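Hello,

Here is the structure for you to look over. My notes follow below it.

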Amino acid sequence: MTSFQSYPTLKNPAGCILRVGKSSMSDQKLPTRSEDFSEWYNQLVIRAELADYAPVRGCMIVRPYGWALWENITAALDKRFKATGHVNAAFPLLIPRSFIDKEKSHVEGFSPELAVVTIGGGEELEEPLVIRPTSETIIGYAYAKWIQSWRDLPVLINQWNSVVRWELRTKLFLRTLEFFWQEGHTAHATNDEAEGETRQMLDIYTDFAVNEAAVPVIPGRKSDSERFAGAERTYSIEAMMGDGKALQAGTSHNLGQNFAKAFEIRYLDKNGELQHCWTTSWGLSTRFIGAIIMVHGDDQGLILPPRLAPFQLVIIPIYKTEDEKSGVMEVATRIRSELIAADIRVKVDEREGYSPGFKFNDWEMRGVPLRMELGPKDVAKDSVVFARRDRPGKEGKSFVSQQGIAATVADMLREIQKSLFDRALAFREANTQHPENYAAFKTAVEKGFARSYWCGRAECEARIKEETKATARCIPLEQSGGPGKCILCGEPAADQAIFAKAY
RNA sequence: CGGGGCGUAGCGCAGCCUGGUAGCGCGCCUGCCUUGGGCGCAGGAGGUCCGCGGUUCAAAUCCGCGCGCCCCGACCA
């Protein structure tokens, strides 16, 4: 441990001991989002030390700062899973190739992107093994063994793991060959129950996105073309990124009896009749980190929502002389203890040789929601200076007494959390249109979402995609306004859909 | 998998056209000095020039074949 690190306490172990380096990029400024959103994203991920490129194309190394963020995401989700009766388990990485082949649309959907192991221990394998692209099949195999009776149901299992899909075009967090996620798999006695579970988990993802990540999302149903390979119905939460494009941020599938039939997951009901189970699966991945970056970030860098930020507050001590330093550090240490006692994730930036100005910029780039500046003047006045990350410059600065500091910080973090959500929602609203005709629709999807009636036919969806590059992101659960006419063909349409260019 | 761009120090690049001692900026290390918005000075370390093959007295440079990365399109969490 070096001198600039703060030390963890049992009460507040996460985040405090993360060691950060100086940005290794030579250019001090990021590209702006308006000049090159994609490059802004790429450089930011690297410079903020969230992730790095791996030696294998399309793979990523998640660095400690990025993983700390992921851990906070997993904790928030896991808590919700447990609260709704789910338990965690671990299923194997390697799956017999034949398992994938058992469900027709599943194999069609996943075959092109499978990584296959053909040699083990130097010998050609009798049956190739695929590295799981998702675990429906191997879990189906296990459930078939475990489930005999209606008394065994429901089975509510989740696993935290990584999966591999051989994607052609990759981007850190958004689409990598290997990605980390959770996949929940449940089995039920009835279709109603399975549908209820599917919708419940969609609600949980929505709640997580809104209340933890401050990311407004639209929960909805996927069109047939966007449905998961092997699902009866797929639901997703869709979020708008800072460039107006859509990102699918979490999915929940009602698998019907497709996998139950493929793997003979059956139970004896109360009448003594053999029935196939109804299963679901649902997942949220490290892609969500990409959503947080692209929803909240600005031209200075990341802005992390306080509830998920590895560091919620960074204290920058300011001093010239040794005398000043000892005075400042004494107060900094005392404040840190108070904040840790209040469960606030805090870091004191004790790095020597970097100017305060440098540290301000450095932590802004890393997205720490709140900064405390603490110098000799503040020590003398028994006060501190706060700077809010979501309000750059003087506007976000305030001069506050050291008395009751923990409550002050907690309040400010709550405010920041709320303002991030409000801002993201306002941005989405400002970039969502309800076009009345196809010409207006085309303009709308150039820079945001178009919410329009759609007849539901694949032909219309395909033609829209071809002509505008926009796809049906989802059919929102919330539908108001009754039936209408399809934006393209004019035929009767029951529902509106969100159309947008997508990641 | 098609189109484009690029592989030279940790990062960003120059050098290549016209073959002949491998350079610049940032970062890194040491010391001094600074510190309330990306300080400064001095010294220093760091290179299979993506790989393989060819041409040549001589290849970062010319030729051929690979490999990789990034961006843009078709497929996907």
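**Contacts to the RNA bases**

A backbone N or O atom of Tyr-319 sits 3.5 Å from a base nitrogen of RNA strand B. Next to that, a backbone N or O atom of Lys-320 lies 3.3 Å from a base oxygen of RNA strand B. Ser-285 uses its side chain: an N or O atom there is 3.5 Å from a base nitrogen of the RNA strand. These are polar contacts, meaning pairs of N or O atoms within 3.5 Å; within protein, one atom must be able to donate a hydrogen and the other to accept it, and residues adjacent in sequence count only if both atoms are side-chain atoms.

Before going on, the ground rules. This is a predicted model, where local features need pLDDT of at least 70 and side-chain atom pairs count only at pLDDT 80 or more, while totals for chains, interfaces and linings use all residues. Residues are numbered from 1 along each chain as its sequence is written, chains are lettered from A and ligands numbered from 1 in the order written, and side-chain values use heavy atoms, without hydrogens and water.

**The surface near the RNA**

There are 41 residues around RNA strand B; near means that a heavy atom of the residue lies within 4 Å. Arg-57, Arg-175, Gln-248, Arg-287 and Ser-355 come nearest. By class, the surface has 16 charged, 14 nonpolar and 11 polar residues. Here Asp, Glu, Lys and Arg are charged; Ala, Val, Leu, Ile, Met, Phe, Trp, Tyr, Cys and Pro are nonpolar; the others, Gly among them, are polar.

H10 gives the largest share, 7 residues. Helices (H or I, at least four residues) and strands (E, at least two) are DSSP runs, numbered from the N terminus.

Buried means under 20% relative accessible area (1.4 Å probe, protein chains only). Arg-287 is among the buried residues of H8, and also among those nearest the RNA.

Chain A has 14 helices and 25 strands. Of its 503 residues, 54% are buried. The C-alpha trace spans about 80 × 60 × 45 Å along its principal axes.

Best wishes

Terms used: Buried < 20%, exposed > 50% of the residue type's maximum accessible area, 1.4 Å probe, protein only.
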